[in-house]
Amino acid sequence: MSPRWLLDRRSFLIGAAGSVIALPLLEAMFPTEKALAQGPSAADKARFVFLFFPNGSVGSEMSPRPNTPWPSILSPLEEHRAELLFVEGLHNRQNSSWKWYDPKLGTGSGHEVGACCYATCARIPEPGQTRLSISIDQLIGQELRTKRGTRLASLVIADGKNASGIAQGGVNAAFHSLMSWKSDKLNDYEAPLTRPQLVFEQIFAGFEPTSVPGQLSALQLRKKSILDAVKEQEAAMKSRLGTADRARLDQYFSNVREVETKVGALPPPTLLCTKPAAPADVTSKNFPDFTRTMLDLVVLALQCQVTPCVSYQLSRGNGGVQNATYVGLSEDQHGISHHGNNPVQQDKLRQINTWFNGQLAYLIGKLKTIDELGAPLSKNVVTVFGSEVADGDKHNGFDLPIVVAGGQNAGITSGGIADVGFGKAGSGSIETDHERAAPLANLFLSLAQLAGSPATSFGNSTGTLELKPNV
Amino acid sequence: MATRCSSLVLWAALAVACTGKLVEPTGGSGSGPAAGAGANGGSGSGSGGDGGSAGNSVTSCTPSPNGHVGLQRLTSSQIKNTLAELLGVPVTLPAAFPRDDRLGNYVTLPEAQLMSSVFVEQQLDLALEVVDRAVMIPNNPAIYVCDVALADCPSRILEQFLLRAFRRPPLAAEIASYRAVYDRSAGSPQQRLADALAAIVTSPQFLYREIGHPAPDDASQSYALGDYELATRLSYFLWDSMPDRELFEAAGRGELKDPAIFQAQAERMLADSRASGLAKSIADQWLGIGALWNVPDKTDFPEFDDGLRDAMYAETERFVLHLLRENRPLAELVTAPSTFAGAELAAVYGTGAASDRQGILGHASVLSLTSAGNDSSIVRRGLWVNQRLLCKEIPDPPPNVNTSLTGVLSKTATQKEKLDEHRKNPDCAVCHNMIDPPGIGLESYGALGQFRSSYPAGQPVVTSAKLVSGESFADAAELAQVIIAQPGYAPCVAQRIAPIAVGRLTDAADCIKAQFAGDSPAELGFRDLLLRVVSSPMFLNQGGAQ
């Protein structure tokens, strides 16, 4: 028996159609929740999911072409074609100063600039430092948290395979494993949750049957009192330390204040979500069940509106970390991704890509079935699915596989291809084509503006994109 | 072409690193003192080495300017051990407690220690869970120095507790701050005390090891550690836990700066059962067996389960503890003919186990860790020997390299045959001539460490090879002798252990390495090495060149 925790439909609140409470009554009883759920404008309902898959794909097979058969690795997504916008011609050419940076290929030493620099569109600083700039989930999330009063800015998840200890060539392993960065300060990242139970606790913190609506529980008050005493230690200790150690302590206290905010926050609105039983402690050794459980939790977090953003690294880049047993292969997925144009290895990578595409399909399918006061949740949730490299073998950062799913109520026109760079009509030469490609940061900046952010630049952005089919 | 090793630029970089003709220092005397002292070049896969044969004969050194160690946070095992000692109750970390981050496989370096709100939440929850149990034990000697119902008792309890929790006498403002928690809490005296104690062990003075410095922003100034700081550094090194009462009392009397007393304390602590903390640290951070948790996959290793994994950990940790306690020569790490295999491991090892095993090279932990999928990995094992035992610097394969051996020769070719073919490509050979030979020497052990003389397809196992420096060996036993004969072996032991002791990476230029350059691995014992490490300038001082 496998320790599955795959939520059934009953665990998700059925919306207007299945609700026994008529809408007008609901509105009268819970004006705040109604406002949260419906909001005065589309942007106020928008939520964003950044889903990362590792090690790229085979060539450019992750994109369909007009008037040609649907690519086999996209087969799990075919039923959701109308929900998808393939954004083509984006590059992830970090302005890296790292020793293996190759301006022609557009990447640094490979996967170290993977998840972190994918999500921040920033470059890794000198070795030994863990400092980047704000990632897209935090840029949008921090803004929307303030506006909406959600407990979290971004729910940050990764698979349990810790990349620690596999630091390459002096690059801190943190860059492999950390996708969500809160600012450009030293070590200012959000560590990912790697166990379903932790995610569950984040969603339902303070959500107790015995709690009085609008009031903190005794445990919450106790924790607040303790954290108050901890905060009192800050000034005296800092006065004794040098600059670098003060920065370390700053990091501790900024997280203490973060926890204080969470401890003091009220539970999610009960009308919008119901609390199911806690998930079993399935680990990423059972990768399919682990991923399914995490995706169920992502949907729950979106439905409960505890966070405007989700950042989920389905699996980490680089090798030796995750064997591809989920598609019946005992080799590690990174080794396979270096297919060397060997057809056998390419087929294995296609199997892996197909599997990860299946996870996106599962998420979309689930979001479509959930009704959020008259509209499918999928229309209010923008999901960006992408990888740190384009071709897994070449490690190139051009023509990244990027799919935007759903979000029609948030300003996305889906169902087609938006070619924003050289696309497939280019000369086929990276050296010349990349000059015409658009930075991935332009996509992220466009999303931030859809979310209502006043930002005019992000990472290495050069402008914004029209998120609608143009091919 | 089946193998494509690199572009021209990368080839040049690799050639430099793997032949040892030129050494690219990773934080040596050329780099200036920086706040992130020693953080550069950290890598479980190959920094801090001496680049081939260069540096093997170092007997003098230029003190590293990076002698300043930043604020170290207690690691997860240190939090567990410290809370247990401090509160007098058994402690189990919850499964969700964040695992330690690593740099160069070390968890002790400030630069490796990332902070997160998950950590703070988990620490707070753990603190509440542990103190709630501890305060309810009647007359718990770890807490109750007086009757808590008496008016002046809570402050006395807090004062003595704070000295042990913060590992130094508390400041008056600190006592008042936690007394205020007690005063504003509700419930019984025990419950109110629990709130104050939970606040103490969630405070940075508990979680971080502060070392005072008269000029904290001038890393070039050297400063001798104070008594309490020495006690703390010593106990977290040797026990992976806080000082006990005897060590605190010696610190309180100001005795630890006396070298004879300090040495006597270190010897006492090594004889204590808590020295298993150091054995675990060495097995995990130096030898790398902590990574075992995610390596063997049940699909590939049907006989592998948690019980067997625990037995693997236990064998290596007991073996290391034995070497430390009994002051066994450094050589025995790889040559010891006996081991501590229990029944579970004996079943894996099979009959004739003793004569087939050479120290750590025959441990199932190391052999499983360095396997890939359902077979041994010559490359991983060769890297392990080169990096962990000889401190060689070997870069990772470049981004465009095909590291898969699939497609080379026939499907039935042995791994060694494939690698022999692979090394015909000069781009690959430049590193693999150094990487592969020790791995070939260990081919008589399968993916779980089981002895074998032939492969499943019937071909005989070949274990003879020659190091790039010229020494030939016929099998694992001879390989072990070749390893200990390398001039870099004894210095490497010191170089690999030192970061656990002092919280910074040590590199080729570090004097700790030079101190052991003239030592014979057959004569120098592990305990003697540890006693020299704790008496070295880098252990006794903060800041300045060491």
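This is a predicted model: local features need pLDDT of at least 70, side-chain atom pairs count only at pLDDT 80 or more; totals for chains, interfaces and linings use all residues.
Trainee: Where is Arg423(B) found in chain B?
Mentor: In a loop of chain B, between helix 18 (415–422) and helix 19 (426–441). Helices (H or I, at least four residues) and strands (E, at least two) are DSSP runs numbered from the N terminus. Residues are numbered from 1 along each chain as its sequence is written, chains are lettered from A and ligands numbered from 1 in the order in which they are written, and side-chain values use heavy atoms, without hydrogens and water.

Trainee: Why is Arg423(B) called buried?
Mentor: Buried means under 20% relative accessible area; over 50% is exposed, and in between is partly exposed (1.4 Å probe, protein chains only). Arg423(B) has 19%, so it is buried.

Trainee: What makes the pairing of Arg423(B) with Asp420(B) a polar contact?
Mentor: Their side chains are joined at 2.6 Å. A polar contact is a pair of N or O atoms within 3.5 Å; within protein, one must be able to donate a hydrogen and the other to accept it, and residues adjacent in sequence count only if both atoms are side-chain atoms. The value is within the limit, so the term applies. Arg423(B) also has a side-chain polar contact of 2.6 Å with Asp436(B).

Trainee: Which residues is Arg423(B) in contact with, leaving aside neighbours within four places in sequence?
Mentor: Ala429(B), His432(B), Asn433(B), Asp436(B) and Ile440(B). Contact means heavy atoms within 4.5 Å.

Trainee: What is the largest nonpolar core made of?
Mentor: It has 156 residues. A nonpolar core is a set of buried Ala, Val, Leu, Ile, Met, Phe, Trp, Tyr and Cys residues joined through side-chain atoms within 4.5 Å. Those with the most contacts inside it include Leu87(B), Ile200(B) and Phe237(B). Helix 3 (residues 117–135) of chain B gives the largest share, 10 residues. Beyond four places in sequence, Ile200(B) touches residues including Leu158(B), Phe161(B) and Tyr178(B).

Trainee: Why is one side of strand 4 and of strand 12 of chain A left without a neighbour in the sheet?
Mentor: The sheet is open, with seven strands in the order 4-7-1-10-11-2-12 and mixed pairing. Strand 4 (154–158) and strand 12 (416–419) of chain A stand at its edges, each with a single partner strand, so one side of each has no neighbour there. From one strand to the next, the twist averages 15 degrees.

Trainee: How do you know that strand 2 and strand 12 of chain A pair?
Mentor: Two strands pair if DSSP finds at least two bridges between them. Strand 2 (residues 84–88) and strand 12 have four bridges, so they pair. They run parallel, and Val87(A) stands opposite Ala418(A).

Trainee: Where is pLDDT under 50 in chain B?
Mentor: Over residues 1–16 and over residues 19–58. The mean pLDDT of chain B is 83, and 81% of its residues reach 70 or more. The predictor gives the complex an ipTM of 0.86 and a pTM of 0.77.

How values were computed:
pLDDT is the predictor's confidence in each residue, from 0 to 100. Axes are lines fitted to C-alpha atoms, for helices over the stretch in contact, and angles run from 0 to 180 degrees between N-to-C directions.
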